[in-house]
Amino acid sequence: TAVAQRVLTQRHEVEQLLAPLRLSRADLERVQGLMRQEMERGLGRDSNADASVRMLPTYVCNTPDGTERGDFLALDLGGTNFRVLVVRVMQEGIHMASEIYVVPTSIMQGTGEALFDHIIECIMDFQTKQNLMEQVLPLGFTFSFPCKQLGLDKALLLTWTKGFSASGCVGQDVVQLLREAAQRKQHLALKVVAVVNDTVGTMMACGYDDPRCEIGLIVGTGTNACYMEERKNVGTVEGEEGRMCINMEWGAFGDNGCLDDIFTTFDRMVDEKTINAGKQRFEKLISGMYLGEIVRHILLAMVDKQLLFRGKPSLKLQTRDIFQTKFLSTIETDGLALQHVQGILRDLELDASFEDSVLVREVCQTVSLRAAQLCAAGLAAVVEKMRENRGLAQLAVTVGVDGTLYKMHPHFSHNLQQMLQDLAPNCAVTFLQSEDGSGKGAALVAAVACRET
Ligand code: ADP
């Protein structure tokens with residue numbers, strides 16, 4: 001009949017629209033291979049200038065072994081909030097106290113001096129409140145921006161990201177900037193021992209509970225990973241013995257064009273509207289800042305083709321970032337009544353039928369599945385490299401993970417694990433969610449460093 005015919009045609013058009021977002025196993029194997037190639041190039045002595053994955057040395061050479069003890073200060077800058085913590089590492093476990101401080105936009109985007117003065121003021125406020133003014137505690141600084149690290153306590157800022165743009169900082173050693181601010185504020189008892197990326201903090205925090213944890217993964221606003229590499233493979237650092245943690249900065253994978261055939265029209269539309277168009281291409285396929293936007297662009301295309309909402313778009317759906325990534329989590333929840341989906345869409349002034357709701361859910365599933373699978377392809381390259389490095393037939397390894405998308409999405413972690421097992425069958429990979437990884441991890445890096453000296 002005519003109705004059945006129309007349904008069939010519509011289904012065909014939906015399939016055509018979504019096909020570029022459905023990655024085959026061969027696609028994912030190719031992404032895995034490309035990641036591996038970019039890792040090698042990033043690690044190399046000379047050729048790393050044009051590698052899209054920067055593979056930055058962190059000077060963290062050991063994960064915790066449980067014998068770390070002491071009291072530490074930790075700073076966490078680069079996530080949604082700025083935090084100051086005191087971390088007490090004892091035989092019985094780790095105790096922490098922390099305060100969240102606001103970094104006003106005017107300071108994020110003002111001068112470097114004002115930013116670091118503000119940080120010192122927050123530390124002093126915290127120490128006063130915690131009655132720690134008299135003590136000189138070793139401090140670990142989680143600073144989650146790309147840095148060229150020259151030592152555990154020496155890190156040159158390569159570029160600001162995430163809305164920061166304080167002047168006079170790029171190219172400078174952030175530890176030095178912190179020390180100079182401490183001098184200006186007469187806070188003479190500051191002992192910065194380590195600068196840590198949040199991926200490294202996450203790995204170290206989980207490593208305290210699980211000695212097999214040698215990978216850190218973030219899937220939140222952005223995405224990034226770190227892992228323990230053989231020191232002899234790190235062309236950019238002297239030394240042959242042992243291992244060093246490498247901050248991959250894998251969000252930038254593909255910035256040299258190697259993933260161009262994975263990007264769809266929708267991904268390009270999202271990318272064009274960002275403040276860093278053409279940059280962080282892998283991240284823009286995976287992380288929380290972008291998945292909702294990708295879905296929104298697909299929905300707009302479907303409305304355009306009369307496949308959704310009777311071809312009637314709402315003005316709201318044309319608004320950037322209106323379709324939040326947390327909607328994917330809700331919409332994809334198993335057993336959720338379709339009325340619930342309709343409710344979310346109604347808030348966007350969309351009059352959705354049951355069929356519309358089913359289709360919106362399918363779009364969300366397609367986008368989040370692709371994100372999890374791409375993340376798996378990246379991780380597969382990492383675990384396979386670690387297995388080969390160590391000359392093992394089988395590798396058992398744990399990944400410490402943080403980030404709201406990973407933690408809150410109902411299927412992301414399952415899809416990631418399943419695809420990873422498929423792509424790296426010789427690696428048994430366990431995932432461990434980190435609690436408060438950035439702060440705890442920075443303290444543990446400081447603790448491991450203090451243990452070694
Ligand atoms: P950060 O990476 O800055 O430390 P988070 O790990 O909290 O921050 O991640 C924030 C990101 O998580 C945002 O991009 C947001 O869209 C996304 N997000 C928030 N809630 C959810 C949710 N329930 N499901 C999936 N993603 C979410």
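Modeller: Contact here means heavy atoms within 4.5 Å; the model is a predicted one.

Colleague: Which residues of α2 and α14 meet?

Modeller: On the α2 side they are Arg25, Leu28, Glu29 and Gln32, and they meet Met419, Asp422 and Leu423 of α14. By class, this contact has three nonpolar, one polar and three charged residues.

Colleague: What makes α2 and α14 roughly perpendicular to each other?

Modeller: Helix α2 (residues 25-43) and α14 pack at an angle of about 80°, their axes being 11 Å apart. Angles of 65 to 115 degrees count as roughly perpendicular, and α2 and α14 are therefore described in that way.

Colleague: Why is α12 called oblique to α14?

Modeller: The axes of α12 (residues 354-389) and α14 (residues 412-423) cross at roughly 45° and come within 8 Å. Angles under 35 degrees count as roughly parallel and 65 to 115 as roughly perpendicular, so α12 is oblique to α14. The crossing is right-handed. Its contact residues include Leu369, Ala376 and Val383 of α12, with Phe412 and Leu416 among those of α14. The classes are 14 nonpolar, three polar and no charged residues.

Colleague: What makes β4 and β8 edge strands of the sheet?

Modeller: The order of this open, five-stranded sheet is β4-β3-β2-β5-β8. Both β4 (93-101) and β8 (191-196) have a single partner strand, so one side of each lacks a neighbour in the sheet.

Colleague: How do you know that β3 pairs with β4?

Modeller: Two strands pair if there are at least two bridges between them; nine bridges join β3 (residues 82-90) to β4, and the two run antiparallel. Valine 84 stands opposite glutamate 99 in β4.

Notes. Residues numbered from 1 in each chain as written. Predicted model: local features only at pLDDT ≥ 70, side-chain atom pairs only at ≥ 80, totals over all residues. Heavy atoms only, no water. Axes fitted to C-alpha atoms, helices over the stretch in contact; angles between N-to-C directions. Helix = DSSP H or I, 4+ residues; strand = E, 2+ residues; numbered from the N terminus. Parallel < 35°, antiparallel > 145°, perpendicular 65-115°, else oblique. Left-handed = near helix turned anticlockwise from the far one by under 90°. Nonpolar A, V, L, I, M, F, W, Y, C, P; charged D, E, K, R; others polar.
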